Amino acid sequence: MENVEIGELVPGADSVGPLRTDVPVFPALKAGETIGWVYLTSDFVSTTGYSGKPIHTLVGVDANAVITGVRLVKHSEPIVLIGIPDAKIRAVTEGYAGLDLKAEAASGGSAHDLDIISGATVTIMVIDDSIVRSGLKVSRTLGLGGLAPEKVDTGPRMIVDTDQQNIEDWMTLTGDGSLRRMSLDVAQINDAFVQQGDERAIKRPEEGPDTDTFIDLYLTLADVPSIGLSLLGEAEYANLKKRLKEGDHAILVAGRGRYSFKGSGYVRGGIFDRIQLIQDDISVRFHDRQHNRVGEIAAEGAPTFTEKDLFIIPAESGFDPAKDFRLQLLVQRAVGPIDKVFLTFDLGYRLPATYLRPETSVASAVQPAATSSAAEDEKAAVQQLWKRIWNDRKVDVIILGAAVAVLTLVFFFQMQVTKNERFTFWFRIGFLTFTLVWLGWMENAQLSVVNVLAFFSALTSEFSWDAFLMDPLVFLLWFSVAAALLFWGRGAYCGWLCPFGALQELTNRVAKLCRIPQIEVPWGLHERLWPVKYIIFLGLFGLSLYSLDVAEHYAEVEPFKTAIILKFQRAWPFVLFAVALLAAGLFIERFYCRYLCPLGAALAIPARLRMFDWLKRYRECGNPCNRCAKECMVQAIHPEGNINPNECLNCLHCQVLYQHDQKCPVCIKKLAKRKRFEVQTGIRKPEPDAKSARAE
C-alpha cells in the first residue's frame, strides 16, 4: 500500500483506515468516511502462476460491489512477463475497474470477456481468476451490493436417495418439479432485444407470428434413479450409469421450436456454446465427450422433441445435485455478415426434496465443512483453473504429443532414418521449422532455466503440481525432456525442440547458402569455452538459493523471451543482445548453445545418468578418420573420435556419415572390397549392414 495512492484504487479516497480484524481488508476513507475497501488478492485466493507463487494484486471495491481500481503489485512470472511492456500489463489489470461483481456472482464469474496478451496467456488467466474470485469473497463477506455472505450449512449434507426407483409419467414429473420448463415465443424474444436496446438487433426482428414457439426447453437431473428410469427407460438409464464416473452427474435437456439449444459448436464438433450450467460460483460448459443423444423419451404422455440430449457434469466441477442450479441459454441474433448480438435466459432447477436424504456417514455427522471446506474449495478452484486451461488447449496438446512421438520414433530407428542423407537433411529442416514457428513463435512454448530454478525453489518450499500444470505445452515439454534425459541426453531437447536453438541453426543454414565464411574454433580454445555455460548456470542456481527474484532477473542472459516469446518486440538493449548472439551464430554454428546457454548446462548435468549409448562408432573413428569430427556442427566430437554427450545435440549427422558409402572410409573400403569380389567371382555379394562393416 505504501507505493500505491489510495485514490488510484478507490477514486475520491484520501486516506486508508486500519486493517480490519475479521477480514484482511483496508477501508478507503474520504473525510473520515468509508467509501470503499482495498484488499490483496493473495489474502483470499491461492491461485499461483507458473513460477509456483501467487500473483499479488491490489483491488479496490465500492459499497455497490463494483471494482474501482486494480494494481499489479508483485509477481514471479519472468518467463512470461519480463519484457512485456508494463503498459500492456497495466492496461489489462486496470481494465477490471468497473467490473460488476454482482453480475459475476449471478453468472458464476463469466459475465466479462478475458483480455489475453500474447505470451502471457496463463498468467492473465491466473490474474483474472484471482481478481474475480477474491472480489466475490470480499463482497459476500462484507455484504457489498446486497450480496449475501455464503452460508455454512451446519446441518446434515443432503444426497440423492438412490433407493427410490419409482416409474412416473410425464404429467407427474412436470407437476412435482422433477422436470422444469422454460418456454419463449417469438414476441418475447423480440421484446427482449428491444429492451436490450441494440438498434442493429431491433431492426432484424424474428419473423413469423408472435405466438410461434421460439424454444420450449425442459431440464432435469437424469442420474437420479426415479427420474432417469422414468424418462430414459431401464436400458438407456443403465447405459448412462456405465458412462458416469464416481462423482459425475448428468442432466437431460430436451427442446423444440425454431431455436436450437445445441448451437453451432455442436456442428463443429467442439463446445456446445449456447448452454452452460451455473451453480453458485461454478460454471460448466459441455463438450462432445460429455454429450450423448437420447432416442425417445420413455415416460408416458411425453411430447415430441426435436432435440433430446444428455450432458455429463464432471465430478471435478464441484457440482452438488442437492443445491439449486440453472441452465443458462444463450440466444443470438445476427446483425451483420459476422456480427451477432446476444441475450441470456435462465432455466432454474431445484431437485425436489422427495429425491433426497441426509448423508448418514460418520464423516458427515462430525461437520467437517466448517473446518476444511474453505481449503478444499480453494484447492478445487485452482485445479479447475488448470483443467480449464488444458481443455482449452486440447488441440495444441495433441499436436505437440504427435511431434514428440514422431521424434521418439526417429531416435529409436535412427539407423533406418539416417540411411538416406537427403531425407535426413530435409526432415531435420522441416522439424526445426515446426519447432521455431509453431512451438516457439505461435505457442510460446520455450523452456528456460527459470523453470529449473522455480522447480528447485518449489521443492524446498510447499511443492504443488498445480502451479506447473498451468501451461500444458511447457509441462509436456518438461515431461518429455525428463524421459529423454535417461535415453538420449540433453540433445533430444536442445537439438530438436528448442525454438531458439532452431532459430540459430536455420539462420546459420541461410548464412551458408549466402557463402558467409564459417569459423572453426581451435580445439584448445573450444574446450576451454565449454565450461562457461556451466559457470553461468551454477551462478544463477546459487543466486536462486538466496533470492529467486534476483536469479530470475539475471536469467536475462537467455535471449529466449526476446527472440521467441516477444518476437523482438522489446526494448533495444534486449533486442541488440539477442541479435548479437544470432549474428555470432552466422559464423560459428549454434554459438549460444555451445558456450553460453545455462539451460543446456542444467540439462547436461542430469543427462549423465542416461542409460544408453545410441550413436554408433567405428574403431577407425578419430584414428585415422576425423570426418565426423570436422562436420559436427557444435564440435562435440573429440579429436580421438569420442562423442561428448554433454555437448552433443543429437542432430544424427554422424549417423548419416556412419552409413555413407561415399564419405565414410570404412564404408568406402567395404564397398571397394565387395566390388572386387564381384568382379573376380561374378557373384553379387549382398549389401553389408553397418554391423558387418564395423566387424570387418
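**Close-up 1. Strand β13 and its antiparallel partners in the predicted model.** R293 has D309 as its bridge partner in β13, a contact between that strand and β12 (residues 291-293), the two being paired in the antiparallel sense over three bridges. Strand β9 (residues 249-256) also pairs with β13 in the antiparallel sense, here over seven bridges, and the bridge partner of I251 in β13 is F311. Strand β13 itself, residues 307-313, is mostly covered, with seven of its seven residues buried. In a regular strand, side chains alternate between the two faces of the sheet. In β13, E307, D309, F311 and I313 point one way, whereas K308, L310 and I312 point the other way, and all of these are buried.

**Close-up 2. Helix α30 and its buried face.** Helix α30 comprises the 17 residues 665-681, which at 1.5 Å a residue should span 24 Å, and the distance of 24 Å between its end C-alpha atoms agrees with that expectation. Buried in this helix are V666, C667, K670, L671, R674 and E678. Seen down the axis of α30, these buried residues fall within an arc of 130°, so they line one face of the helix. The face turned away from the buried side carries the exposed residues K669, V679 and Q680.

**Close-up 3. The salt bridge between D212 and R258.** Side chains of opposite charge can pair when their charged atoms come close. The structure holds 24 salt bridges, and in the one formed by D212 with R258 the closest N and O atoms are 3.1 Å apart. D212 lies in the loop between α8 (199-202) and β8 (213-221) and R258 in the loop between β9 and α10 (264-268), so the pair ties together parts that are 46 residues apart in sequence. D212 is partly exposed, with a relative accessible area of 29%, and R258 is likewise partly exposed, at 35%.

**Close-up 4. The salt bridge between R326 and D346.** The closest N and O atoms of R326 and D346 are 2.9 Å apart. Because R326 lies in strand β14 (residues 325-334) and D346 in strand β15 (residues 340-349), the pair ties together parts that are 20 residues apart in sequence. R326 counts as buried at 17% relative accessibility, whereas D346 is partly exposed, with a relative accessible area of 41%.

**Close-up 5. A salt-bridge network that includes R428 and E505.** The side chains of R428 and E505 meet in a salt bridge with an N to O distance of 2.7 Å. This pair links distant parts of the chain, with R428 in helix α15 (residues 421-442) and E505 in helix α20 (residues 499-513), 77 residues apart. Both R428 and E505 are buried. Salt bridges that share partners join R428, E505, R509 and R590 into one network.

Key:
Residues are numbered from 1 along each chain as its sequence is written. This is a predicted model: local features need pLDDT of at least 70, side-chain atom pairs count only at pLDDT 80 or more; totals for chains, interfaces and linings use all residues. Side-chain values use heavy atoms; hydrogens and water are left out. Helices (H or I, at least four residues) and strands (E, at least two) are DSSP runs, numbered from the N terminus. The expected span of a helix is 1.5 Å times one less than its number of residues. Buried means under 20% relative accessible area, exposed over 50%, partly exposed in between (1.4 Å probe, protein chains only). The arc is that of the directions from the helix axis to the C-beta atoms. Two strands pair if DSSP finds at least two bridges between them. A salt bridge is a side-chain nitrogen of Lys or Arg within 4 Å of a carboxyl oxygen of Asp or Glu.
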